[in-house]
Amino acid sequence: MNWADDAPATEAAWTRLTPAERTSIERVDAERLERERAGMAARFAAALTEPKYAVRNRFRLWEHLIRRLEQDRLDDGYLIDLYFNDLANRDTLGTVLDAQPGLATGELGSLLAELDRRFEAVTEFDGGAERRRWTSRFESEQLSPRWSRRPRRIPWEH
């Protein structure tokens, strides 16, 4: 995937990060790498050089979803579980930024706020009805408000 085309706001924001922000991200990513490696066989863990869910990748994935929603390009292969994964990924970004005030008040905080505004613009509030139609494994009081929104056109209905 060409992230410059698919997540341009994320890629642009990364060019503007301060050295302190980059250091914070490196620490977060190092911790994540260790968690990801912990669940792997030693030979696979040794080959993993960066976490699949690095901070940058999480931003890319969140922007990727939003751009696809904006362009009405969620196809029949996009299932409800993928949507749940995207929402969980976004929630993790919030957790990361909450734990790193320097990131939350900087470039990444602004980027996340803008992406969230775009997400709200291309989704509808349904109070979580669509989520509850498919699962009861998520408790409403534990979820961010995004979990009460659904795409305007539901791709998993086709």
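**Salt bridges and a one-sided helix**

Glu36 and Arg32 are 4 residues apart in helix H3, which places about one helical turn between them. Helices here are DSSP runs of H or I with at least four residues, numbered from the N terminus. The side chains of these two residues meet in a salt bridge, with N and O 2.9 Å apart. The term salt bridge denotes a side-chain nitrogen of Lys or Arg within 4 Å of a carboxyl oxygen of Asp or Glu. Glu36 counts as buried because its relative accessibility is 12%; buried means under 20% relative accessible area, exposed over 50%, and partly exposed in between, with a 1.4 Å probe and protein chains only.

The model is predicted: local features need pLDDT of at least 70, side-chain atom pairs count only at pLDDT 80 or more, and totals for chains, interfaces and linings use all residues. Residues are numbered from 1 along each chain as its sequence is written, and side-chain values use heavy atoms, with hydrogens and water left out.

A second pair within one helix is found in H9, residues 129–134, where Glu130 and Arg133 are 3 residues apart and therefore separated by about one helical turn. Their side chains also form a salt bridge, at 3.1 Å from N to O. Glu130 is buried, with a relative accessible area of 10%, whereas Arg133 is partly exposed at 48%.

Attention now turns to helix H2. This helix spans residues 8–15, and its buried residues are Thr10, Glu11, Ala13 and Trp14. These residues lie on the same side of H2, because they cover an arc of only 160 degrees around the axis; the arc is that of the directions from the helix axis to the C-beta atoms. Among the elements that cover the buried residues of H2 are helix H1 (3–6), helix H3 (19–38), helix H5 (55–70) and helix H8 (107–121).

Which residue forms a salt bridge with Glu11? The partner is Arg60, and the closest N and O atoms are 2.8 Å apart. Since Glu11 lies in helix H2 and Arg60 in helix H5, the pair ties together parts that are 49 residues apart in sequence. Glu11 counts as buried at 15% relative accessibility, and Arg60 likewise counts as buried, at 13%.

In general, side chains of opposite charge can pair when their charged atoms come close. The structure holds 15 salt bridges. Salt bridges also link Arg90, Asp91, Asp116 and Arg146 in a network.

Definitions and conventions:
Helices (H or I, at least four residues) and strands (E, at least two) are DSSP runs, numbered from the N terminus. Contact means heavy atoms within 4.5 Å.
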